[in-house]
Amino acid sequence: MTKYYITTPIYYINGLPHIGHVFSTVLSDVVARYHRLLGHDVFFLTGTDEHGQKAEKTARELGITPKDVADRYTPLFQQLWQRLRVSNSDFIRTTEPRHHIGVQEVFRRAQANNDIYLGKYEGWYCTFDEAFWTEGQLVDGNCPDCGRKVDRISEESYFFRLSKYQEPLLSFYRETPDFIVPRTRFHEVIRFVEGGLRDLSVSRLKLSWGVPVPNDSKHVIYVWFDALSNYITGVGFPENQQLFHRYWPADLHVIGKDIVRFHSVYWPAFLLSAGLPLPRQILVHGWWLNEDEKISKSRGNVVEPNALIERFGIDGLRYFLIREAPIEADSSYSQESILRRVNSDLANDLGNLVSRSLTMVQRYCDGTVPVSGSHHPPFREPLEKILSSLRETIDEFAFPRLLAETWEVVNSVNRYIAEQQPWNLAKSSSSREQLNNVLYDTCEALRVIAALIAPVVPNTADQIWKQLGLSENASGAQLRNLQWGGLQQGTRLGELAPIFRRIDEKEQGPVPEVKAEILSQEQYVTIEEFQKLGLKVAEVKAAEKIQGSKKLIKLTVDLGSEIRTVVAGIAEAYTPEELIGRQVIVVTNLKPTRLMGVESNGMILAASTDGRPVLATIIGPVPNGTIVK
Ligand code: MSP
């Protein structure tokens, strides 16, 4: 069986995952799933890049250890990938022992090859990009890549003889013309290497967060040397030789355009030095922009993926990203464009097709797929054409085109139903055969279409197959089983349900910006601090609106041992009558204050949505005065 080993970049753990990260990962997942559809033995690796100065800086700011930072952020990536149905085979964290062992082994091999020497590094370091720069490379004194401030470094350092690999790299590029896709990026790399390579600093002295240099633990290995090695340590290097030889070299590294040099120059050089085979291909994608700016945490224009999933669904988000983003260019995110895609392509075109055609099978054919056979509806040929060139389409990563062509077929099936009018054919027994053929062909098209789009929208595809009554998952389908006519006569449909609902934006408003950042040390409260709050259950005995105020209600509450007056700003949400007899939660030791002339001796807890308070209460009655903790 042909193997296919694909990787995502491993993500820095100093912030929440955002749509840019989601794109790198979902794109890789789509490629991995298409290769499974082709019948390949796929290994798909992702993970987190947990070392380096950036992680150390975040830890310092938060007053916790870098490992704590990693332990808090890494699960957020893992959970998001799971939620998005990312089908990775493994997840590597660079803090794992299996990774440390491998990084040190690569370093040792480079040393044994006389490619590492001790020297002194004098120059600049950009923590944001974790990149070394010489004076001459700076632009206006700042990092030439991201424009940020750089730090002066003058310290002992191990160097890697990158200069030695200029010629070997250039000849490798010549022999491997499809090493970097798209081609324009490849030309940039070749020009860069032709311009001459300087030896590269590969250790840091004044940094403790990283993999120690073998036999000189004063130094830690430079974070990119460490991070890039994940691609081999994640498939068993050096200890699990069987796994390693089964999958290495990688068939594809998926990366964003900002990290091309690390992958196409440094990484092959490290591998050549360690005597290991080079990866076959690197796919470079553009950036996602929000109003023309790269989306990134430091720019504060992050679109939170979980909020997008809540609104548009997993498949809605996946479909939008893959349908809208040509690999070579940057793409713009906007709420309108994602809404348009979900409503028109998924809910209207596909969703309606599935529901009306299967409802007709239910109604006119007793819920079983009628006849089987080799018919020639107008959409059969275009669909077969897509399948026969699928291998090339996947090799070209032409997913927007693939989806566009598939949706042409979807619409052609929709037109066919409109023309054939099965509801009229059903009226007379003389058109029974034609009715059966029309419905069979429609169901068969749905079966093939679902399998074809499953790598992009796995949930939708699985649902379609389930409703068609198929026992397998569409997301586990194999191309060789998609020949026309594969759907068996008599297959009993599953339970029918709408696969997509239209989203009404006006009803829902803009996607909320969720900022679930982790807290710094000062932002936490201790249990003792929390216990200082005197939270108790009380029953409302009397309530009246305060004259002259729209919002305020005066409440008389029974705290078991005492009766108190509390003023609450809830008059717009509750009438006094509906409050009487209810148990509420009161902060009993809040400093008393006067509101509209009434002394308030405590505060009632309520949740507030869009400024509308909803009272917090207790499930089940408890004696008044019970402490809440
Ligand atoms: N840790 C390094 C990668 C090491 S790989 C051995 C790193 N991490 S990152 O978290 O900053 O970025 C990971 C990936 O996300 C990169 O491919 C990057 O291009 C991608 N994206 C980050 N922001 C992006 C957008 N706004 N749009 C698309 N992708 C972008 O770099």
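This is a predicted model: local features need pLDDT of at least 70, side-chain atom pairs count only at pLDDT 80 or more; totals for chains, interfaces and linings use all residues.
I'll start with the helices. Two packed helices are described by the angle between their axes and the distance between the axes. Helix H18 takes part in both contacts I want to show, one with H19 and one with H14.

Take H18 and H19 to begin with. H18 covers residues 432–453 and H19 covers residues 458–467. Their axes are 8 Å apart, and the packing angle is about 155°. Angles over 145 degrees count as roughly antiparallel, so that is the label for H18 and H19. The crossing of H18 past H19 is left-handed. On the H18 side, the residues in contact are Leu 446, Arg 447, Ala 450 and Ala 451. Across from them, H19 contributes Ala 461, Ile 464 and Trp 465. By class, that gives six nonpolar residues, one charged and no polar.

Now the other partner of H18. Helix H14, residues 380–388, packs against H18 at about 30°, and here the axes are 11 Å apart. The cut-off for roughly parallel is an angle under 35 degrees, so H14 is roughly parallel to H18. This crossing, H14 past H18, is left-handed. H14 supplies Leu 383, Ile 386 and Leu 387, while H18 supplies Ala 445, Val 448, Ile 449 and Leu 452. What classes do the residues of the contact of H14 with H18 fall into? Seven are nonpolar, with no polar and no charged residues.

On to the sheet. Strands of a sheet pair through backbone hydrogen bonds, either parallel or antiparallel. The sheet in this model is open and has five strands, in the order S20-S19-S18-S21-S24, with antiparallel pairing. Which strands are at the edges? They are S20, at 563–568, and S24, at 603–604, and each of them pairs on one side only.

Let me walk along the order from the S20 end. S19, residues 553–558, is joined to S20 by six bridges. Val 537 has Ile 585 in S21 opposite.

How values were computed:
Residues are numbered from 1 along each chain as its sequence is written. Side-chain values use heavy atoms; hydrogens and water are left out. Axes are lines fitted to C-alpha atoms, for helices over the stretch in contact, and angles run from 0 to 180 degrees between N-to-C directions. Helices (H or I, at least four residues) and strands (E, at least two) are DSSP runs, numbered from the N terminus. Angles under 35 degrees count as roughly parallel, over 145 as roughly antiparallel, 65 to 115 as roughly perpendicular and the rest as oblique. A crossing is left-handed if the near helix is turned anticlockwise from the far one by less than a right angle, and right-handed if clockwise. Contact means heavy atoms within 4.5 Å. Ala, Val, Leu, Ile, Met, Phe, Trp, Tyr, Cys and Pro count as nonpolar, Asp, Glu, Lys and Arg as charged, and the others, Gly among them, as polar. Two strands pair if DSSP finds at least two bridges between them.
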